[in-house]
Amino acid sequence: MCGIVGILGSKPVAIDLIDALRRLEYRGYDSAGVATVENGHLERRRAEGKLRNLETRLSKEPLEGHTGIGHTRWATHGKPIERNAHPHMSDKVSVVHNGIIENYRDLKAELTAKGHTFASDTDTEAVVHLITDAMQHGCTPVEAVRRSLDRLAGAFALAIIFAGHDDLMIAARQGSPLAIGHGDGEMYLGSDAIALAPFTDRITYLDEGDWAVIKRRSLEIYDRSGKRVERPIVKSAASALLVDKGNHRHFMAKEIHEQPEVISHTLSNYLDMGEGRVNFPDLGVDLSQILRVSISACGTAYYAGLVGKYWIERYARIPVEIDVASEFRYREAPMSPGGLAVFVSQSGETADTLATLRYAKEHGQRIASIVNVRTSTIARESHAVLPILAGPEIGVASTKAFTCQLAVLACLAIALGRARGHIDTAKERELVQALVEVPRHISAMLRDEDKYVDLAHTLSKASDVIYLGRGINYPIALEGALKLKEISYIHAEGYAAGELKHGPIALIDEKVPVVVVTPADELFDKTISNMQEVAARGGQIVMISNADADHAGCKLAAYIPVPDAHPFTNPLIYAVPVQLMAYHTAVQMGTDVDQPRNLAKSVTVE
Ligand code: AGP
């Protein structure tokens with residue numbers, strides 16, 4: 001999703017703005033731009049596509065201003081063309097924006113009637129003209145922004161600079177995060193602290209509804225009501241993090257390979273490995289009294305939640321309701337007070353998940369969030385935060401965050417099961433030991449990647465791929481299909497293996513690869529029967545299993561062996577082959593693996 005940066009510097013800032021934008025590339029974008037205050041007037045450079053296009057433009061037409069803003073745009077209103085790229089500007093003001101101004105049509109009609117001319121198809125430009133209009137009527141920049149903010153509906157983050165004001169930037173946050181960085185006689189602004197890491201680790205996060213008047217040597221923050229407020233300066237860990245690919249060709253490959261290490265790290269936070277016990281943080285409720293759990297999330301995080309449902313229902317015997325957040329938020333689900341509501345989100349900023357969280361809070365639920373970004377809005381609005389500790393995930397396609405989310409959910413299920421008396425000490429030790437072995441099993445699979453390169457030849461020729469799984473491995477089939485379509489653009493769908501003959505089997509012919517996620521567990525024979533139904537119709541079967549290939553009882557197009565593991569931990573282990581399949585297929589097809597088309601890493605609009 002769009003990325004925002006801003007710098008009040010002591011030298012020309014255009015190059016540093018690009019550097020900061022590069023660190024936001026992982027969010028996904030389709031055009032970019034910067035604007036600076038040049039000898040009192042505003043100048044901008046914009047370009048479609050990647051940041052290198054903007055750099056080329058800047059090398060031909062440099063900007064020298066010491067105050068500037070920059071933006072990577074993920075198109076919502078208007079095509080991804082230069083005319084719609086940010087910054088948008090008038091002769092008085094230049095604006096970058098992340099989010100959606102929901103009432104922009106009304107504002108545009110009003111401002112057009114007053115004589116303002118719009119040059120783009122974006123919602124953002126309404127903000128430019130609103131502020132300009134106020135300034136034309138004699139308002140100072142600060143007063144103009146204050147009045148304009150009162151007129152805006154929707155979720156947004158804004159950064160604004162002004163002609164004739166070299167020492168002024170105004171930022172506003174309503175629904176999309178913003179971090180202000182404190183330098184030495186310089187100030188910075190970014191959609192997150194990662195963008196600001198090369199410049200400073202001293203960060204102030206704006207709260208929901210805050211807006212800030214930023215100068216090189218001062219910072220004033222006001223809340224929604226216009227009251228001056230203080231927000232702390234915190235030391236950001238992002239500075240220490242080098243966002244690079246190491247020896248890998250893509251961030252996604254690096255993140256897949258990091259899984260044994262990061263899962264160990266996550267587990268060590270939630271387990272007492274010596275005692276064989278879960279050491280779960282206090283959620284502020286008596287776990288033995290929880291009668292109902294609801295889980296809400298989007299995309300991959302939702303599939304993690306779906307695995308969580310199977311775990312919690314089976315091991316803690318607590319009914320779990322789960323829904324994608326975009327549905328949950330509007331279906332007015334009855335929630336009797338006292339339930340535990342769990343929200344899963346890598347970024348912690350997903351608009352739909354956040355809206356569901358607020359709904360659940362209003363309905364008396366205890367809110368626990370499973371997030372990667374601890375400073376995120378979802379984390380901050382939760383009663384209890386369960387960090388997944390995966391480190392920054394840069395590839396748009398989620399990999400290590402998914403398995404770390406699973407690790408936390410597995411620990412939660414054990415903690416609930418123990419509290420409710422369904423897991424005794426011996427069973428807890430058995431399940432904890434199973435979790436401890438997961439990183440070793442994943443490492444073993446990652447040592448043997450060649451077979452995925454061969455398999456990618458088959459998958460890259462397909463126009464449709466079907467994934468099948470049963471029980472707790474059904475969400476892995478869904479996740480496998482999502483991974484493949486996200487980064488290779490091949491149409492893929494996941495189905496519960498038992499559902500096959502209720503419709504999807506009509507799709508099977510000899511051109512369709514069918515990936516079957518089938519550990520040798522209690523449902524193995526049933527899934528094998530479904531696999532044979534596919535074979536009978538000529539489908540090309542790819543079997544992922546710890547059972548030998550000859551158990552298939554039919555011809556296989558490919559066989560991916562998986563280490564023997566406790567059935568409890570199979571979702572964590574079987575996630576890895578489906579990630580590798582998608583990755584190698586995308587590499588073979590030459591797509592933009594880390595920043596696939598149309599996708600954003602952090603989805604801050606609904
Ligand atoms: C995963 O590969 C996705 N790109 C996407 O489905 C993602 O999981 C979803 O947008 C939710 O994001 P979140 O975890 O940051 O809330």
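1. Arginine 317 is exposed, because its relative accessibility is 52% and the cut-off for exposed is over 50%. This is a predicted model, so please read every value below as computed from that model. Arginine 317 sits in the loop between α9 (299-316) and β19 (320-324). Its phi is near 55 degrees, a positive value in a residue other than glycine. Most residues other than glycine have a negative phi.

2. Is leucine 389 buried or exposed? Leucine 389 is buried, because its relative accessible area is 16% and the cut-off for buried is under 20%. Its place is the loop between β22 (384-387) and α13 (400-419). Arginine 317, by contrast, counts as exposed.

3. Next, a peptide bond. Histidine 86 and proline 87 are joined by a cis peptide bond. Omega there is about -5 degrees. Most peptide bonds are trans. Proline 87 belongs to the loop between β4 (67-73) and β5 (88-89).

4. Alanine 119 is a loop residue, found between α3 (104-113) and α4 (125-136). It counts as exposed, with 52% relative accessibility. Which residues does alanine 119 contact, leaving aside its neighbours within four places in sequence? They are Arg83 and Glu125. Histidine 250 is 131 residues from alanine 119 along the chain. The C-alpha atoms of alanine 119 and histidine 250 are separated by 37 Å.

5. Now the sheet. It is open and has 8 strands, in the order β3-β2-β4-β1-β10-β9-β11-β15. The pairing is antiparallel. The edge strands are β3 (41-48) and β15 (234-235), and each pairs on one side only. Strand β2 (residues 31-38) pairs with β4 in the antiparallel sense over 6 bridges. Within these strands, threonine 36 stands opposite glycine 68 in β4.

6. Two helices pack on this sheet. Helix α1 touches β1 (3-8), β2 and β4. The direction of α1 makes about 150 degrees with that of β1. Helix α2 touches β2, β3 and β4. The direction of α2 makes about 135 degrees with that of β3.

7. The helices also pack on each other. Two packed helices are described by the angle between their axes and the distance between the axes. For α1 (residues 14-22) and α2 (residues 51-60), the angle is about 175 degrees and the axes are 11 Å apart. Therefore α1 is roughly antiparallel to α2, the cut-off being over 145 degrees. From α1, the contact uses Ala14, Ile18, Leu21 and Arg22. From α2, it uses Leu51, Leu54, Glu55 and Leu58. How many of the residues in the contact of α1 with α2 are nonpolar, polar and charged? The contact has 6 nonpolar, no polar and 2 charged residues.

8. Last, the domains. The domain assignment gives domain 1 (2-247), domain 2 (254-436) and domain 3 (444-589). The centres of domain 2 and domain 3, taken over C-alpha atoms, are separated by 26 Å. In the contact of these domains, 28 residues of domain 2 meet 24 residues of domain 3.

Note on methods: Residues numbered from 1 in each chain as written. Predicted model: local features only at pLDDT ≥ 70, side-chain atom pairs only at ≥ 80, totals over all residues. Heavy atoms only, no water. Helix = DSSP H or I, 4+ residues; strand = E, 2+ residues; numbered from the N terminus. Buried < 20%, exposed > 50% of the residue type's maximum accessible area, 1.4 Å probe, protein only. Axes fitted to C-alpha atoms, helices over the stretch in contact; angles between N-to-C directions. Parallel < 35°, antiparallel > 145°, perpendicular 65-115°, else oblique. Contact = heavy atoms within 4.5 Å. Nonpolar A, V, L, I, M, F, W, Y, C, P; charged D, E, K, R; others polar. Pairing = 2+ DSSP bridges. Domains from an automatic or database assignment.
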